[in-house]
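Subject: Structure for you to look at

Dear colleague,

Please find the structure below, and do keep it open beside this message while you read the notes that follow it.

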Amino acid sequence: MKLNKPKKLLTILVRVLAIGFLCMNLIAFFHAYKFTHFANAHIEKTQTPEKLSVLEKVKTLVMGINNPRPKNKLKPDPYEEVLLQSNKKVACWYRKKNVVNTQDTIYGTVILFHGYGGEKSTMLDKADEFVKLKYDVLLVDFMGSGASEGNQTTLGYHEAQEVKAAYNYLNQKGEKNIFLFGTSMGSVAIMKAMADYNLEAKGLILECPFGSMYQTTCARFKNMNLPSFPMAYLLVFWGGIQNNFWAFAHRPVVYANKIYCPTLLLYGEKDKTVSRHEIDEIFGNLKGEKILKTYPNAGHENYLLKYSTQWVTDVKDFLY
């Protein structure tokens, strides 16, 4: 029996929608994989959205970003190399100042955690500032970055285990005054570690953490002047599935509810990746003593580039 015309059109429409849905999921699957798995280091990294042409934006949307494995660009001196066993083998640089006399005081140790696409050498300038403030420093390569194991990143989710490993390393050596410093993804990993493991850190310094995995994914579409729905949702879904966690529950704004230690939250007011609303919501949910400092002309970047003096003052006031 032949289908009448309306039923035939409906059948065609259903098939087109099904094929379209399948194609969107395939694109999202490959895009999510490339975003959370680093490629060979020699591949050229995809530029930021605002630097891409329309054609390049479309290509990036369909094929995903080129995401080369981050490599340590500098090698500091003097630093001790430390290898920690966590969910992956995690490489660190440890600078511990030798106390020559009682007047040469060291106030504690700051552990530094880098952002997405970074590695521990990108934190050396900030580590130097902490050293000047008479703190020892431990710089950490998250999994997939620098000299650490693997090629995977989960934007702070599994990296929280590595925050715990670094904290435990110092705690077991007898260090009591441990501060955790993170930028972007590093801040998110710290917040999840604090929520999951109740680490007894002396204080946290958090730069521009995103509010949720879904919000930061939507922001990337917004930066390319593209609609976020439904692709952002599919990217978060497949990114979590590929990396063994429910990515929609990766929400620093919720982790903040379990953070009771003193926290300094830093934010660039021209940040196009993290909104002021996300920062305000995180700040409002923090349970302990808290300070919010913002930098009017800074984006999602290293605040030392434009606000070196103010950044050092803000950090010094918090530490002391």
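Helices (H or I, at least four residues) and strands (E, at least two) are DSSP runs, numbered from the N terminus, and the expected span of a helix is 1.5 Å times one less than its number of residues. This is a predicted model, in which local features need pLDDT of at least 70 and side-chain atom pairs count only at pLDDT 80 or more, while totals for chains, interfaces and linings use all residues. Residues are numbered from 1 along each chain as its sequence is written, and side-chain values use heavy atoms, with hydrogens and water left out.

Helix α4 (residues 159-172) has 14 residues and reaches 20 Å from its first C-alpha to its last, which is close to the 20 Å expected. Just after α4, Gly174 takes a positive phi of about 95°.

The structure also holds 9 salt bridges, each a side-chain nitrogen of Lys or Arg within 4 Å of a carboxyl oxygen of Asp or Glu. In one of them, Asp136 pairs with Lys96, their closest N and O atoms being 3.7 Å apart; because Asp136 lies in strand β4 and Lys96 in the loop between β2 and β3, the pair ties together parts that are 40 residues apart in sequence. Asp136 counts as buried at 3% relative accessibility, whereas Lys96, at 51%, is exposed, a word that here means over 50%.

Another salt bridge joins Glu207 and Lys126 (2.7 Å, N to O), linking strand β6 (residues 203-207) with helix α3 (residues 124-132) across 81 residues.

Best wishes

Technical notes: Buried means under 20% relative accessible area, exposed over 50%, partly exposed in between (1.4 Å probe, protein chains only).
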